[in-house]
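Let's take a friendly walk through a protein model together.

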Amino acid sequence: MLLGAVLLAAPAARAQNQAPNDGYTMDEIVQAGSNFFGMTSETLATGIERIFSSYGRPNGYVLGEEGSGAIIGGLTYGEGTLYTKNVGDHHVYWQGPSLGWDFGAQGSKVMILVYNLNSVNDIYRRFAGIAGSAYVVAGLGFNVLGNQDILIVPIRTGVGARLGVNFGYLKLTPSPTWNPF
């Protein structure tokens, strides 16, 4: 069970200035997440409501899977599909290191909300942030990672045992790589 998540303080850039047709609505994201995670809309809606109130409507999202593990230093690897309303769907991969008081391993389904993405190529960079988790068997949590104006908010649910707080980054790439740096 998830005991907490640590959020990186980040500006809610463009959250209030979006036109009505820009980005995905909260209902669209909750429906996509509920279908993907296989959980009730109410369970997911509470977390997504907090994200929307802080950051507004995302203009893309990724659905995928990842695996990670840590003993003080950790690694994460994942892959999924980036969905956008105006430039189609694109396969993406991510990998990254972390460092901190963090122990355990997990396998997760991941929905990543993407904010302020001007072009698909802008997603292929490193996004840094702070993450925290405390669960045994299963959990649901999110954190915020940023690079310049672009924010990504990974929402994870999975199985494993994890305890800790870490600083790290995710590097998103158009093709798979084992190099997390």
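This is a predicted model: local features need pLDDT of at least 70, side-chain atom pairs count only at pLDDT 80 or more; totals for chains, interfaces and linings use all residues.

Among the 181 residues, 47% count as buried. The accessible surface amounts to about 8,700 Å², and carbon and sulfur atoms hold 59% of that. Sequence distance is also worth a thought as you turn the model: of the contacts with a separation of 6 or more, 71% are between residues 24 or more positions apart.

Now let's go inside. In soluble globular proteins, nonpolar side chains tend to be buried together. Here, the largest nonpolar core has 21 residues, and those that touch the most other members are Ile29, Ile51, Tyr61, Met111, Leu113, Tyr115 and Ile155. Which elements each supply at least two residues of this core? They are α1 (26-37), α2 (41-55), β1, β2 and β5 (150-173). There is also a second, separate core of 16 residues, with Leu82, Trp94, Ile112 and Phe127 among its members.

Leaving aside residues up to four places away in sequence, Tyr61 touches Tyr24, Ile29, Ala32, Thr81, Leu82, Tyr83, Met111, Ile112, Leu113 and Val114. Two of these names come back when we look at rings: ring pairs join Tyr61 with Tyr24 and Tyr83 in a cluster.

In total, the structure holds six aromatic pairs. One of them brings together tyrosine 55 and tyrosine 115 in a tilted arrangement, with 6.0 Å from centre to centre and 50° between the planes. Because tyrosine 55 lies in helix α2 and tyrosine 115 in strand β2, this pair ties together parts that are 60 residues apart in sequence.

Charged pairs come next. Side chains of opposite charge can pair when their charged atoms come close. The whole structure contains four salt bridges, and three of them are described here. In the salt bridge of lysine 85 with glutamate 28, the closest N and O atoms are 3.2 Å apart. Lysine 85 sits in the loop between β1 and β2 and glutamate 28 in helix α1, so distant parts of the chain, 57 residues apart, are linked. Are these two partners buried, exposed or in between? Lysine 85 is partly exposed, at a relative accessible area of 44%, and glutamate 28 is partly exposed too, at 32%.

Arginine 156 and glutamate 66 make another salt bridge, with 2.4 Å between the closest N and O atoms. This pair also links distant parts of the chain: arginine 156 is in strand β5 and glutamate 66 is in strand β1, 90 residues apart. Here both arginine 156 and glutamate 66 are buried. A further salt bridge joins aspartate 122 to arginine 125, and its closest N and O atoms are 3.8 Å apart.

Ile71, Ile72, Leu99, Trp101, Phe103 and Leu163 make a nonpolar surface patch of about 660 Å². The elements that contribute two or more residues to the patch are β1 (60-84) and β2 (89-115), and β2 gives the largest share, three residues. Tryptophan 101, itself in strand β2, has a relative accessible area of 55%; the cut-off for exposed is over 50%, so tryptophan 101 counts as exposed.

Most residues other than glycine have a negative phi, and most peptide bonds are trans. Isoleucine 72 is not a glycine, yet its phi is positive, at about 70°. Isoleucine 72 is located in strand β1 and is partly exposed, at 46% relative accessibility. Glutamine 148 is also not a glycine and has a positive phi, of about 55°. Its place is the loop between β4 (145-147) and β5, where glutamine 148 is exposed with a relative accessible area of 72%.

Key:
Residues are numbered from 1 along each chain as its sequence is written. Side-chain values use heavy atoms; hydrogens and water are left out. Patches are made of residues with over 30% relative accessible area and no salt bridge: like charges are joined within 9 Å, nonpolar side chains (Val, Leu, Ile, Met, Phe, Trp, Tyr) within 5 Å. Accessible areas come from the Shrake-Rupley method with a 1.4 Å probe; for residues, only the protein chains shown count as cover. A salt bridge is a side-chain nitrogen of Lys or Arg within 4 Å of a carboxyl oxygen of Asp or Glu. Helices (H or I, at least four residues) and strands (E, at least two) are DSSP runs, numbered from the N terminus. Buried means under 20% relative accessible area, exposed over 50%, partly exposed in between (1.4 Å probe, protein chains only). A nonpolar core is a set of buried Ala, Val, Leu, Ile, Met, Phe, Trp, Tyr and Cys residues joined through side-chain atoms within 4.5 Å. Contact means heavy atoms within 4.5 Å. Rings of Phe, Tyr and Trp (its six-membered ring) pair if their centres lie within 6.5 Å; planes under 30 degrees apart count as stacked, over 60 as edge-to-face and the rest as tilted.
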